[in-house]
Amino acid sequence: MNEEHIVRVTLDPHAPSTGMTDWQRVNAMTEEEITEAAQSDPDALPMTKEELKRFRPVPDIKAIRQKLKLSQRQFAETYHLSVRTVQEWEQGRSPDRTAIAFLTAIANAPDAVRKALK
């Protein structure tokens, strides 16, 4: 049996509606109803273990930066990035594949990357 990952998102009921979704109905669904709805949607079927293995998590730049005890400006200067890019990544904008590789290198060997950039 494939392990499935289903995520429940609860939205602010007071937020303005941005589409046709009946969020009150969605938020009132039981876990069983959520599972059934997810499994019945051919465009959003749960991923298999094999499919999940292909995904690489996006590095948490804020956690990396905080572990290194650097401000956003210090991190950006140290690793030759713009402060704005660091801010955008920390606010949820996903880095591209090259940036993900660079951030992974920083997370795993920050001193070596710093040295290589001098």
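Arginine 65 touches Leu70, Ser71, Gln72, Phe75 and Glu90, leaving aside residues up to four places away in sequence; contact here means heavy atoms within 4.5 Å. The model is predicted, so local features need pLDDT of at least 70 and side-chain atom pairs count only at pLDDT 80 or more, while totals for chains, interfaces and linings use all residues. Residues are numbered from 1 along each chain as its sequence is written, and side-chain values use heavy atoms, with hydrogens and water left out.

Arginine 65 is found in helix α4; helices (H or I, at least four residues) and strands (E, at least two) are DSSP runs, numbered from the N terminus. With a relative accessible area of 9%, arginine 65 is buried. Buried stands for under 20% relative accessible area, exposed for over 50%, and partly exposed for values in between (1.4 Å probe, protein chains only). Threonine 85, which lies in helix α6, is partly exposed, its relative accessible area being 21%. Between threonine 85 and glutamine 72 there are 9.7 Å in space, C-alpha to C-alpha, and the two are 13 residues apart in sequence.

Helix α7 covers residues 97-108. Its twelve residues reach 16 Å from the first C-alpha to the last, close to the 16 Å expected at 1.5 Å a residue; the expected span is 1.5 Å times one less than the number of residues. The buried residues of α7 are Ala99, Ile100, Leu103 and Ile106. Viewed down the helix axis, these buried residues fall within an arc of 120°, so they line one face of α7; the arc is that of the directions from the helix axis to the C-beta atoms. The cover over the buried residues of α7 includes α4 (61-67), α5 (72-78), α6 (83-90) and α8 (110-116). On the other side of α7, Arg97, Thr98 and Asn108 are exposed. The N-terminal end of α7 is capped by aspartate 96, with a side-chain oxygen 3.2 Å from the backbone nitrogen of threonine 98.

The protein chain as a whole holds eight helices and zero strands. Of its 118 residues, 19% are buried. Among contacts between residues at least 6 apart in sequence, 43% join residues at least 24 apart. The accessible surface of the protein chain comes to about 9,400 Å², and 53% of this belongs to carbon and sulfur atoms; accessible areas come from the Shrake-Rupley method with a 1.4 Å probe, and for residues only the protein chains shown count as cover.

Definitions and conventions. A polar contact is a pair of N or O atoms within 3.5 Å; within protein, one must be able to donate a hydrogen and the other to accept it, and residues adjacent in sequence count only if both atoms are side-chain atoms.
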